[in-house]
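Some notes on the two-chain model follow, point by point. They take up the individual chains, the contact between them and a few local features.

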Amino acid sequence: MAANVHDLSAHWMPVADSAPDADPDLPVLKRIASGDSAACSLLVDRHLPRLHALATRMLASAADADEVCQDAFVRAWRQAPDWKPGAARFSSWLHQVVLNLCRDRLRSRRESVPLEQLPEGAHEDTPEQAQGHVDRMRMIRRALSQLPPRQREALLLCHFQGLTNIEAAAALELSVDALESLLARARRGLRGILQADTAEYSGVQQ
Amino acid sequence: MSSMKPARLIELLDAYGANPLRWPKAERAAASQLLASSAEARALREQAALLDASLDQFEVAPASALLRARILRSYPPTPIGWRVWLAELWQELGGWRLVTPAFAASLFLGAMLPNLLEQASTDLPDEDLIAAVQWVDDDFGVQP
């Protein structure tokens with residue numbers, strides 16, 4: 001079953017703008033550091049869905065996304081005893097780890113258009129609706145794949161992952177102003193690509 | 001009247017889209033006020049909402065229960081060997097992102113170092129140095 005990203009209340013969890021001392025993961029990390037495996041379940045349930053979605057959108061491969069997430073959580077277990085609350089939240093650090101692992105995989109694959117290969121998300125429409133949905137999704141995926149990597153990452157973090165601007169900027173190691181500039185360029189570029197694709201698609205349909 | 005200028009609202013819509021939940025928390029109230037009072041701002045927001053709706057169609061399958069179980073089985077982590085330690089250190093330092101600047105720096109040093117060394121050696125006051133060494137040599141061991 002595909003994650004329904006339309007329902008923001010269920011899948012998009014905005015968190016407070018910053019305040020590292022209010023990081024909800026801190027008590028969980030302390031428990032993990034002391035050997036409490038139940039706390040691991042808590043951390044996994046809290047972050048795995050979003051991290052896996054990010055890795056899948058980056059890598060266009062569920063199997064690769066699985067490996068990246070597993071690797072990221074092993075790093076989290078190792079990091080837990082040494083984690084010190086600082087400028088960034090633990091969730092930002094996790095996103096950064098996943099981004100870096102994904103970048104390494106993309107680099108080693110040397111794929112320029114990875115999103116093209118993503119299996120279609122499941123849906124429960126009629127065959128005609130389903131086909132239309134698949135076409136639109138393919139178009140979005142192709143448009144995203146044409147964006148420069150940093151712009152695509154900024155958009156994935158802010159639009160799909162629900163990170164605040166401060167968290168996304170931390171994960172990308174940017175200032176908030178630079179993040180906003182990347183996002184604006186990403187959305188402008190995407191709009192242009194989609195308009196061109198839609199015109200082309202309409203032409204083919206006629 | 002909103003304290004936000006229209007130009008800032010346009011920046012917010014351009015960067016974060018139409019959903020106020022994605023806007024910076026500190027600016028949400030002012031942006032909403034401006035939207036309520038400006039038909040032009042609402043039209044811009046509609047445009048941003050169209051792109052948001054397109055993006056929202058990019059769905060992916062959720063993580064499997066099998067993956068969740070596999071991740072939980074990886075706790076506690078096994079002690080890391082030196083190869084893994086090196087790989088993780090490399091990653092922490094920036095991984096392959098370091099290669100380009102490191103290569104550029106080594107090229108720069110390789111090109112500049114011989115020039116700098118040559119410059120340094122030609123800067124030496126050769127004659128003065130020789131005279132000084134001779135003076136030390138001449139005076140060495142001579143009783144006053």
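1. The model is a predicted one. In chain B, buried residues come to 17% of the 144 residues.

2. The secondary structure of chain B is helical: seven helices and zero strands. Read from the N terminus, its elements are α-α-α-α-α-α-α. Among the contacts in chain B with a separation of 6 or more, 62% join residues 24 or more positions apart.

3. Chain A likewise has zero strands, with nine helices, and its elements run α-α-α-α-α-α-α-α-α from the N terminus on. Of the 206 residues in chain A, 39% are buried. Residues 24 or more positions apart make up 69% of the chain A contacts that have a separation of 6 or more.

4. The largest nonpolar core has 73 residues. The members that touch the most others are A:Ala55, A:Cys69, A:Ala72, A:Val98, A:Ala154, A:Ala168 and A:Leu183. The helix that gives the most to this core is α3(A), with eleven residues. As background, nonpolar side chains tend to be buried together in soluble globular proteins.

5. Leaving aside residues up to four places away in sequence, A:Val98 touches A:Leu51, A:Leu54, A:Ala55, A:Val68 and A:Ala72. Of these partners, A:Ala55 and A:Ala72 are themselves among the core members that touch the most others.

6. The C-alpha atom of A:Trp93 is separated by 17 Å from that of A:Leu179, a residue 86 residues apart from A:Trp93 along the chain.

7. The contact between the chains takes 47 residues from chain A and 34 residues from chain B. On the chain A side, at least two residues each come from α3 (37-59), α4 (62-79), α5 (90-109), α6 (127-145), α7 (149-160) and α9 (176-205). With ten residues, α3(A) gives the most to the side that touches chain B. By type, the chain A residues on this side are 26 nonpolar, ten polar and eleven charged.

8. Which helices of the two chains pack with their axes within 9 Å? They are α4(A) and helix α4 (residues 65-73) of chain B, whose axes cross at roughly 30°. The two helices are therefore roughly parallel, since the angle is under 35 degrees. The crossing of α4(A) and α4(B) is right-handed.

9. The residues that make this helix pair can be listed. From α4(A) come A:Asp66, A:Cys69, A:Gln70 and A:Phe73, and they meet B:Leu67, B:Arg70 and B:Ile71 of α4(B). The residues of this contact divide into four nonpolar, one polar and two charged.

10. A last point concerns helix α2 (residues 25-37) of chain B. Its buried residues are B:Glu27, B:Ala31, B:Leu34 and B:Leu35. In an α-helix, residues three or four places apart point the same way, because there are 3.6 residues a turn. What covers the buried residues of α2(B) includes α1 (6-16) and α3 (39-55) of chain B.

Technical notes. Residues numbered from 1 in each chain as written. Chains lettered and ligands numbered in written order. Predicted model: local features only at pLDDT ≥ 70, side-chain atom pairs only at ≥ 80, totals over all residues. Buried ≥ 20, exposed ≤ 12 C-beta atoms within 10 Å, placed from the backbone. Helix = DSSP H or I, 4+ residues; strand = E, 2+ residues; numbered from the N terminus. Contact = placed C-beta atoms within 7 Å. Nonpolar A, V, L, I, M, F, W, Y, C, P; charged D, E, K, R; others polar. Core = buried A, V, L, I, M, F, W, Y, C linked by C-beta atoms within 7 Å. Axes fitted to C-alpha atoms, helices over the stretch in contact; angles between N-to-C directions. Parallel < 35°, antiparallel > 145°, perpendicular 65-115°, else oblique. Left-handed = near helix turned anticlockwise from the far one by under 90°.
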